[in-house]
Amino acid sequence: MEHKPMQTMLPTIASHGTFVALAVPKQKRSIFRTSFLLRGMVAVAGVALVVTILQPRQHMLATNEISNQAAMQSLNCLLDNADASPQCNFPTSAAQSWFAPPRNLHPSIRKDVPIPTNRWWGNLISSPREDYVPEKRVWTNPYAVVLLSQGVVVSFPYGARYFQGASGNAGGAKSYSHQYSKDVTIGAITATSHPFQVTSWDDLGVTLRQERAPDQWLQTSLVSGMAYVTAAYSKLPPRISTTNSIVSLNGKPLVKASKVVGDRFVLGLNNGQQWVVYASSPVTLSVVNDRILQQSNAFTGHIRVALVRTADDIAAHDKYHGCIVHGGNLTLNQFDYGFQWATSGSCSAGLLHFALAHHAAILTPDTATPIDSMSRLESATRGAMVPLVTVTTPAQWILAESLVPVELYPRQRPTRERIQSTRLLAHLKADIDAPWSMPVGGSYYFNGKLAQKYASLCLMASDRAVVGADDSLVRKCQTKLADVLKPFTTNTFAHRLVYDTVYKGIVTTQGFDEANTYADFGNTIYNDHHYHFGYWVAAAAITNMVHPTMPGLDELNTRVSFLIRDVANADATDADFPTFRMFDWFKGHSYSHGITAAEDGKDLESTSEDVNFYYAMALFGQATGQRELEHLGRLMLSVNVRSVQMYFLMDSANTIHPPSIRVNHVPGIYFDNKVHYTTWFSDERKSIHMIQMLPVTPVTEYVRTKQFVQEEWTDILAKLPVVQEDREHDAALSLLYLNYAAVHPDVAMSKLQTVALDDGLSRSWALYMAASRYT
C-alpha cells in the first residue's frame, strides 16, 4: 500500500458527515445554454398549446396537466442549475409505480424522498413484483430478523448452518447456508394484521413500526452489527416466545404456570442457546408453557434480547445494555471513514457493538476497543465478529484506511523487448482498424464493456512506450471513439436511460418496454448498476485524457456524472438520488440486488466489476479535475479492495470461511445468508472464477495478490478442462491466462497471442496488461 502524504482533509457535514455535491459539480450556465433553454421553453409551451387544442375534450384535462408539468420543468431547468438536475438531462418516468413499486413505507415518508434500493434491509420494502419469498428476513449480523404479525422474530443463523453439494474441487462444498429459525420473538399478546412499516432510515440502519392504534405500537431499529435486538412498546402487553423449548429460566428449570418478576431474564433453550432478556422497567412474566412468557398488563418501554454463551458475556451485557443504537451515519475523510452511531438511553459506559474482521484490522483504538472477555459471535457469511465498546461521546468508530494507487496506466510499463516480442503495436493497429460498433438495441452492460474496451485502445495509442512519437494511431482512435460513444452521449439507444421519479435514479427503459423484470440483467429494477455503469465511467475517464477536445465531451461528462450520482451519491441533502445506492460501508462492498425480494438477502457476484466502478470513479475525478470526487472514489476503492481480499478472494490463510469453502478460492454468489459456488449465468467453474477477473485494469494487481493467483491457478484453474485441453476457441481462456500473468507473464503473453477473447477484451489490451506484469 502507498505511503500517505500530507494532504488537506475533505470537508464533512456536522449533521451527517458525508460529502456534499461531489458527483456533479456546480457549473455556470453559458449564454448559449441560457438562450437554448429559453427557446426550448417557448417550444414546449407552443407544443402544449397545439396538443391541447387538437385533443378531444375528454383528454383535455390530462393533457393540460402534462403540458403544464413540462412547461414548469423547462422553467425550473432554466432558473436552476440545469446540469445538476437529472430531470433536465434525462426523460422522466413514473413507470415504477406500476412496474415494481415499493411497499411497507409508512405514510409519514414524504413522496419526494429518494428511496434506497440496494440496502441490506431492502427486503423490508421490496416490491411485490415476482415475489416468491413468504418471510422476508434481513441479516443485521450476528442476528437475522424477520418482522411478522406476532412481532420481532430473532435468530442466530450460524447455529443452523448446513452445507450442500460438491464444488468439483478437492474437498470443496458447493454452498453453505443457514436454515430459517425463530429462536426468540419479541411481541405482544394481542393479535394484529398490521404490517411493520419503515418510518426512517440512515446510513447504517432502519426503523420500523407496527401500529395497532394511534397510541399502541411496537417499534424496532435494525442496525448492522447491533449486539441486541430491541423492541420498543407503547401500551401493549409484552410476550416473549420461541419455537424451541425453554428449559431454564434464570439458571433454574422452567416451572410451568409460574410467574417471574424482574427486568433481566436468562432463557436457556433446548437447542443449546442461551438468551438474555432486558426490560427497561420491571415486568411480571407468566410462564404460559415452555414456549411462551408474557405479561397481561400493558407495557410502555423497551425489551432487548442478546445471545450469550458464557458468564462473561452476561456480565458484559449487564454493563452495556442501557445504551440503545438506532442507526448511524458516515463520516468521510481522505484517509479514513467512520460511523457516528445514533443512540439513546444510558451510554456513559459506551456502546456495545459487533465489528467485522476488516473493521477490527483498521479501527483506531481511541474510538473503540475490543472486549476480550466476550464471545466472538459468528456472522452468517462474514466470519466471527468482534465485540467492541466505544470510548468516545458521542459513540463513534473511526477506521483508518490504506489507499490503493489509482493510475490510468499500469504501475510498470512493458519493456521495449516485450512490446516487440508480443507484436503489441501490430495488434493495436489491427484492433483500432477493426470495425467498432455497439448494438443500438443492446444492453448497457455489454455496450459498456465495449465502451471501456475501445477507450482502452486509445489509451494504449497514447502511450509513447508503445507507439513512440507517432500520433497518427491515436488520432484515428479518437475519431472512432467519438463516433462509437455518440449514442450513449445523446441517449439515443433503443432503450433510453430515464430518470425514475419513484425511487429517484437512472434506469434503462428496457424493463418497462418489454414488461420484463430482468431485462438487461434487471437494470430497470436497480440490479447491477455498479457493474453496468462502471464501464461507462471508465470509458469517459479515459476519453477525457486521450481526447480532451472531443465534440460532445461536456455532454458525455454530464451524463456520466449522473451515473456516478446514481450509484455513489455522497450528498445527504441531494433530493434527486439516495446516498450510496449500491455501496454498503459496513460490509465494505456493494450489493447487486435491487428492489425485488431475495430469499437469502442481498448479494454480490462480480467483485472485479464492483472494484471497476470505484476505480473508474476515482479516474473520472482525476481526469475532470474534481479532486474531491477523486478522493472519494479512491477511498471507496480502497475499502472495497480490503473487503474483497478479506471475504471473497480466499487464499490458504483465509479464516472467514469454513475449510470446505476456502478450497474453492472464490465464493461464487455471496449472499447475506448463503455462499453459493456458482454464477447467475453459468454453473461452470471457469465462469465462477473468470467473473471475478474482468475487466483487467491497472488496479487489478492491487486486488488479486500473487499468492492468491498462484494458489487459485495451482489448485483449480490449471486442472480445468479448458486449460488442460488448451481449448483456444473458448473465450474464458483469455481471462484465465491474463490473470495468470501475475505469476507467469511469459506463459500468459504466449497464450494471449492466439486464444479467443472475452467480448470486453481486445488482444492488444490483453498483451499490454500481461506485458506489464513482472515476477
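Student: How many bridges pair E12 with strand E17, and in which sense?

Tutor: Strands of a sheet pair through backbone hydrogen bonds, either parallel or antiparallel. In this predicted model, E12 and strand E17 (residues 292-294) pair in the antiparallel sense over three bridges. One of the partners to look up is Gln294 in E17, which is bridged to Arg239.

Student: Which strand pairs with E12 over four bridges?

Tutor: That is strand E7 (residues 184-188), antiparallel to strand E12 (residues 238-241). Look at Arg239 again: in E12 it is the bridge partner of Gly187, while in E17 the partner of Arg239 is Gln294.

Student: What is the order of strands in the open sheet of five?

Tutor: The order is E5-E6-E31-E30-E29, and the pairing is antiparallel. Strand E5 (161-166) and strand E29 (603-604) are at the edges; each has a single partner strand, so one side of each has no neighbour in the sheet.

Student: How many bridges join E5 to strand E6?

Tutor: Five bridges join E5 to strand E6 (residues 173-178), and the two run antiparallel.

Student: How many residues are in contact between domain 1 and domain 2?

Tutor: On the side of domain 1 there are 45 residues in contact, and on the side of domain 2 there are 39.

Student: What area do the two domains bury between them?

Tutor: The size of an interface is often given as the accessible area lost when the parts come together. Here domain 1 and domain 2 bury about 3,400 Å² between them, with 58% of it on carbon and sulfur atoms. Lys174, His358 and Arg382 supply 21% of the area that domain 1 buries against domain 2, more than any other three residues.

Student: What is the volume of the second largest cavity?

Tutor: The second largest cavity has about 140 Å³. Of its 15 lining residues, the closest to its centre are Pro695, Val696, Gly760, Leu761 and Trp765. H8 gives the most to this lining, with four residues.

Student: And the second largest pocket: how much space lies in it?

Tutor: About 760 Å³. There are 35 lining residues, and Phe521, Asp528, Glu605, Trp680 and Phe681 are the closest to the centre of this pocket. Helix H8 (444-461), helix H12 (529-546) and strand E30 (669-671) are the elements that give two or more residues to its lining. H8 gives the most, with three residues.

Student: What classes of residue make up the lining of the second largest pocket?

Tutor: The lining of the second largest pocket has 16 nonpolar, eight polar and 11 charged residues.

Technical notes. Residues are numbered from 1 along each chain as its sequence is written. This is a predicted model: local features need pLDDT of at least 70, side-chain atom pairs count only at pLDDT 80 or more; totals for chains, interfaces and linings use all residues. Side-chain values use heavy atoms; hydrogens and water are left out. Two strands pair if DSSP finds at least two bridges between them. On a 1 Å grid over the protein atoms alone, a cavity is a set of points where a 1.4 Å probe fits but cannot get out, and a pocket is an open set with protein on both sides within 12 Å along at least five of seven lines; lining residues have an atom within 4 Å of a point. Grid points are joined across faces, edges and corners, and a volume is the space filled by probe spheres set on the points. Ala, Val, Leu, Ile, Met, Phe, Trp, Tyr, Cys and Pro count as nonpolar, Asp, Glu, Lys and Arg as charged, and the others, Gly among them, as polar. Contact means heavy atoms within 4.5 Å. Buried area is the accessible area (1.4 Å probe) that two parts lose on being put together, summed over both.
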